[in-house]
Amino acid sequence: MQEYCVDLKEIAVGGSEPDDRALSDLEVSNLRTLVGKLSWAVRQGRPDVLFSVSLLQQSLKSPTVKELRLANVAVRSLQRDRDLHFVNLGCPIEDALVVVATDGAYGTMPGGKSQQGWIVAIANPKIKNEAAMLNLAEWQSTSCKRIVRSSMAVEASAASVGFEHGEYVRALLAEIVFEDFTVRRWSHFIQQWELALVLDAKTAFDTLRT
């Protein structure tokens, strides 16, 4: 990924250009091309720049110089060295814990949309009580596909979608570990791995526990 990111090129923009100036057709085309390249990079191995790219994607309907500058910042961020290590969890894969951490933000994105994100990790089960090793398996930050009316609603939506992705990762683990795995009985095989859903929204947490 580092070699790919080094080849990314910033879009030239004058320092005196006002942030709110609408872009020309050529600038919009160049921005769309760059955002496409950024999107591939963050999906494949750079979750640290994921939100910025999601914001750019949602701003492409009427982009301004502000979006050009944000895209250039994203390029510079991606070109800083970042190592995503896959570590020894310190436990057999059959004993690992699948952890899903989710978050949501109500009405903070372009057009008043809400944002939701999640990370799925495979961890040593000690992580429930203390610091422990984990490996990231999947990540996403995107606009909420549901029409929501409150902060709790977007948090719940993020938790629901994140949980589904956690189930998918459990199924992938089952297909890797069990020779007799079948899709028809996926829900049986994934019971090998506990799934922990982590929320930072106390109201949604309390609601799910009742």
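This is a predicted model: local features need pLDDT of at least 70, side-chain atom pairs count only at pLDDT 80 or more; totals for chains, interfaces and linings use all residues.
**Exercise 1.** Which parts of the chain does the salt bridge between Glu-10 and Arg-76 tie together?

Solution. 
- Step 1: The side chains of Glu-10 and Arg-76 meet in a salt bridge, with 3.0 Å from N to O.
- Step 2: Glu-10 lies in the loop between helix H1 (2–6) and helix H2 (25–44), and Arg-76 lies in helix H4 (residues 65–78), so the pair ties together parts 66 residues apart in sequence.
- Step 3: Glu-10 is partly exposed at 39% relative accessibility, and Arg-76 is partly exposed at 38%.

**Exercise 2.** Find where Asp-19 and Arg-69 lie.

Solution. 
- Step 1: A salt bridge joins Asp-19 and Arg-69, whose closest N and O atoms are 2.3 Å apart.
- Step 2: Asp-19 is in the loop between H1 and H2 and Arg-69 is in helix H4, so this pair links distant parts of the chain, 50 residues apart.

**Exercise 3.** Why are Lys-202 and Asp-206 separated by about one helical turn?

Solution. 
- Step 1: Lys-202 and Asp-206 meet through their side chains in a salt bridge (2.8 Å, N to O).
- Step 2: The separation is about one helical turn because the two are four residues apart in helix H7 (residues 202–209).

**Exercise 4.** Is Gln-191 buried or exposed?

Solution. 
- Step 1: Gln-191 sits in the loop between helix H6 (186–189) and strand S4 (195–198).
- Step 2: The relative accessible area of Gln-191 is 55%, and exposed means over 50%.
- Step 3: Gln-191 is therefore exposed.

Methods. Residues are numbered from 1 along each chain as its sequence is written. Side-chain values use heavy atoms; hydrogens and water are left out. Buried means under 20% relative accessible area, exposed over 50%, partly exposed in between (1.4 Å probe, protein chains only). A salt bridge is a side-chain nitrogen of Lys or Arg within 4 Å of a carboxyl oxygen of Asp or Glu.
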